Amino acid sequence: MSTNEFQVTGMTCGHCEMSIREEVAEIPGVEDIQVSAQTGVLLVTGSDSVDDAQILAAVAEAGYSAVRKA
């Protein structure tokens with residue numbers, strides 16, 4: 001298992017968080033999702049096979065943009 005942290009822009013409320021959570025949850029191998037509109041942070045925990053590109057694409061599908069935090 002690994003946890004990746006992303007900075008998401010454009011989130012303003014709980015609905016934003018829910019939209020991102022729903023899209024990221026569809027990625028195979030994702031075990032846990034923590035997202036905060038207040039901080040803009042998205043934490044995704046899952047198997048090592050979860051690719052950053054899949055997470056970024058899911059965030060984009062929800063209507064937001066994100067970058068991986070170093």
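Strand S1 (residues 2-9) and strand S4 (residues 65-68) are joined by four bridges and run antiparallel; strands here are DSSP runs of E with at least two residues, helices are runs of H or I with at least four, and both are numbered from the N terminus. Two strands count as paired if DSSP finds at least two bridges between them. Within this pairing, Phe6 has Arg68 in S4 as its bridge partner. This is a predicted model, in which local features need pLDDT of at least 70 and side-chain atom pairs count only at pLDDT 80 or more, while totals for chains, interfaces and linings use all residues. Residues are numbered from 1 along each chain as its sequence is written, and side-chain values use heavy atoms, with hydrogens and water left out.

S1 also pairs with strand S3 (residues 41-46), again in the antiparallel sense, over six bridges. Here Ser2 sits opposite Gly46 in S3, and Thr3 faces Thr45 in S3. S3 in turn is joined to S2 by six bridges, and these two strands run antiparallel as well. Gln34 is found opposite Leu43 of S3. S2 and S3 make up a hairpin with four residues between them, and Gly40 in the turn has a positive phi of about 80°.

Put together, the four strands give an open, antiparallel sheet in the order S2-S3-S1-S4. Its edges are strand S2 (30-36) and S4, each of which pairs on one side only. On average, neighbouring strands of the sheet are turned by 25° against each other, direction ignored. H2 packs on this sheet, where it touches S1, S3 and S4, and its direction makes about 35° with that of S1. H1 lies across S1, S2 and S3 and runs at about 165° to S2. Axes are lines fitted to C-alpha atoms, for helices over the stretch in contact, and angles between N-to-C directions run from 0 to 180 degrees.

The two helices also meet each other. Helix H1 (residues 14-25) packs against helix H2 (residues 52-61) at an angle of about 135°, with the axes 8 Å apart. That makes H1 oblique to H2 (under 35 degrees would be roughly parallel, over 145 roughly antiparallel, 65 to 115 roughly perpendicular, and the rest is oblique). The contact (heavy atoms within 4.5 Å) is made by Ile20, Glu23 and Val24 of H1 with Ala58, Val59 and Glu61 of H2. Its residues divide into four nonpolar, no polar and two charged; Ala, Val, Leu, Ile, Met, Phe, Trp, Tyr, Cys and Pro count as nonpolar, Asp, Glu, Lys and Arg as charged, and the others, Gly among them, as polar.

As for charge pairs, a search of the whole structure turns up two salt bridges, each a side-chain nitrogen of Lys or Arg within 4 Å of a carboxyl oxygen of Asp or Glu. Glu5 and Lys69 meet through their side chains in a salt bridge of 3.3 Å, N to O. This pair links distant parts of the chain, with Glu5 in strand S1 and Lys69 in the segment after S4, 64 residues apart.
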